[in-house]
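Colleague: I would like to learn how to read the place where two chains meet in a model. Could you take me through this one step by step?

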Protein chains: 2
Amino acid sequence: MSTAENSIEILADDLQQQMLDLGARARAAASLLAKTPAEAKNKALLQAAAAMRVGEGDILAANATDMAAAEQRDLTAALLDRLLLTEDRIEAMAKGLETVAELADPVGDVIADWDRPNGLRITRVRVPLGVIGIIYESRPNVTADAGAICLKSGNAAILRGGSESVHSSRAIHACLLAGLAAAGLPESAIQLLPTTDRAAVGMMLTMPQYIDIIVPRGGRGLIERVQNESRVPVIAHLDGNCHVYVDASADLAMARDISLNAKLRRTGICGASETLLVDRHCAGSYLAPLVKDLLDAGCEVRGDEDTIATDDRVVPATEDDWGTEYLDSIIAVKVVDGVGEAISHIENYGSQHTESIIADDGGVAERFLNEVDSAIVLHNASTQFADGGEFGMGAEIGISTNRLHARGPVGVEQLTSFKYVVYGQGQVRP
Amino acid sequence: MSTAENSIEILADDLQQQMLDLGARARAAASLLAKTPAEAKNKALLQAAAAMRVGEGDILAANATDMAAAEQRDLTAALLDRLLLTEDRIEAMAKGLETVAELADPVGDVIADWDRPNGLRITRVRVPLGVIGIIYESRPNVTADAGAICLKSGNAAILRGGSESVHSSRAIHACLLAGLAAAGLPESAIQLLPTTDRAAVGMMLTMPQYIDIIVPRGGRGLIERVQNESRVPVIAHLDGNCHVYVDASADLAMARDISLNAKLRRTGICGASETLLVDRHCAGSYLAPLVKDLLDAGCEVRGDEDTIATDDRVVPATEDDWGTEYLDSIIAVKVVDGVGEAISHIENYGSQHTESIIADDGGVAERFLNEVDSAIVLHNASTQFADGGEFGMGAEIGISTNRLHARGPVGVEQLTSFKYVVYGQGQVRP
């Protein structure tokens, strides 16, 4: 073995030990946080917000370092924008911490309770999940958002930010630590990995003894790697290939408003619609105006033959278009034979994220809402409502397309587990 | 490559294709079952029960074949007993199917609903999980129990029984198929693997496109293999190292009744207690009678120094005893310094399954119930109540020590997911 290989091995061993130590600290902090009253957690969040406002200059300076490095690396304008912090964005982060402080504490809630004929009283009580690992990419604000939502739900957090945002994340993390200290809570409640070594991610995915759940936030490459490698349960969504279906019974004005909003309000979010399905029974009168609105708003339309016939700006859709999450000003449009074919199309090509039906016929709408197997199904509303804030959850850590545990927006309640607390008077089992 | 290797590869390819076909059929059945009304599912269960009574002779004959093979293989008496079917046991299976038919159908239940200021009405509605894979060992009755509970909750089931019980399981499965046919439901709703080839288990664990969740039922070796290899989420419990803690404030008579029942009512179930912790403040008067009861009832007692001093039949406990799930007439006994040390001991050695405190002091009991991080914590009641039937769930597929999705008894509700159904009147997101 060469000396170089030897030294790499020593480094890897050292990293592994660091990660195990960090995991053990997180587990101990989780045990304490499970017993921590709401007041202390809220104080930490409010003091972190205060520290963020006081430390605005430090955060901006750290972000300038990250931005300079990113510009040298020729990152795209979109990535640079995600990385950029401004006074307004820092204020929004601080406000976000205050919003999470105002949320009801889910820990200790009695979700269900009932009595048994033998006198046993059974209660199901919310408890924290334990330790949550968050793996994210360039957005430094995830450091604050994820740390806050984990703390509020009584969980210890292990944060692994992207290498592009390392200085920004550390400056934000320092504010979270100041908040924890002011509330008398341990710094290990919210830990930021001391390294951006990719090997550390692999270790997070294989420490089920210390990490109870992994939440990856980022592009498809990151999510796929995490889903494939993790020995720890993962809450994530891979794709948001969302659909709007316009039924023949739809109100045309409503269909136009919702189709346009679902696609174009913001094209880069997971709840943006990617395919518009139009009922053949109204295509003669509805298809052309729906398509024209999208084209006039600057959206590229990729259509089937019927759609191409309505406007010469429409380009032909290929088979791949039906399965693509564009996250851009592009939409696929197809004419279908009523709600049945719409449901089949979504079953074949959808990602079980969010779909909407525009229809006045209640029976048709009920069939769509029942049979479409997505985390969120809407009637007469835009798919862009797929958001924890819009659902009234106050804050979210993402949208889950898992079927287990958390489905749809993941807020503080979704970051909890429960236990059964059973009250007896001496009962033994016959 | 030798001809022999070649032929093995062909067989493996064939098995893989069979498993993929079976998975695709299950997925299609799940899609249908999600829309199937309760009446049809209940009819299938009741008709399966009827077929089981009519086919009692066939089931007994099949079981005799399995028993003869098992006896030749020198299986233990306990394993042979698990494998054995009798007229009474077949009647109990049939009654079990009828019990599941009587349960409320969880699918379609509105679990939560609320209105948003913009007029959106948000509802959270129970839906089936999809396809559930059950991997079990020698007990043939799991074929009926697991098939029934999956069907009731609207899920398609893929069952993989042990090779010892293959003929018995097939005979029971034939009754389930008769029930499905009588209700007009597809046979692919409950599939039994056509092979007991162990490679098929590996394939079940790596078909996330067709199987949504795996439930292993069996010994530690099976559970560990499944947890380590599965790319599909797993609901399982590994160990049930349950504790009873007797506080100084306990009623002695109650403590004696519960300690004895928790250990000895049935020693082979996961909710049987394995360690008795006694508060030092009452050890002088309580320890000797508690230990004597156990010894007199034929239980081996492995104790710490204080416990050894009470009775010369007590043998010394080793460090390993505190972490052992005996599933036998053996108990570890230790004196602790009050509820605090009891909680620490359980945190160090427990398996987060089920623990009970015997205490009259409500404050001490609340501390134990809050701080012990187990799926089930009981006050003044036996740990042997850790059971879906005793919880009023009607039927269960096991006890989960997962923190995600299902924790504690896994009944029909725990085999469901949910989706958000959102009702609007044309809302677009600003």
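Modeller: Two residues are in contact if their C-beta atoms, placed from the backbone, lie within 7 Å, and here 50 residues of chain A are in contact with 50 residues of chain B. This is a predicted model, in which local features need pLDDT of at least 70 and side-chain atom pairs count only at pLDDT 80 or more, while totals for chains, interfaces and linings use all residues. Residues are numbered from 1 along each chain as its sequence is written, and chains are lettered from A and ligands numbered from 1 in the order in which they are written.

Colleague: Which element of chain A gives the most to the side that touches chain B?

Modeller: Helices (H or I, at least four residues) and strands (E, at least two) are DSSP runs, numbered from the N terminus; strand 16 of chain A gives the most, with 11 residues.

Colleague: How do strands pair across the two chains, parallel or antiparallel?

Modeller: Two strands pair if DSSP finds at least two bridges between them, and strand 13 of chain A is joined by five bridges to strand 16 (residues 416–427) of chain B, the two running parallel. Within strand 16 of chain B, B:Tyr423 is the residue that A:His379 stands opposite.
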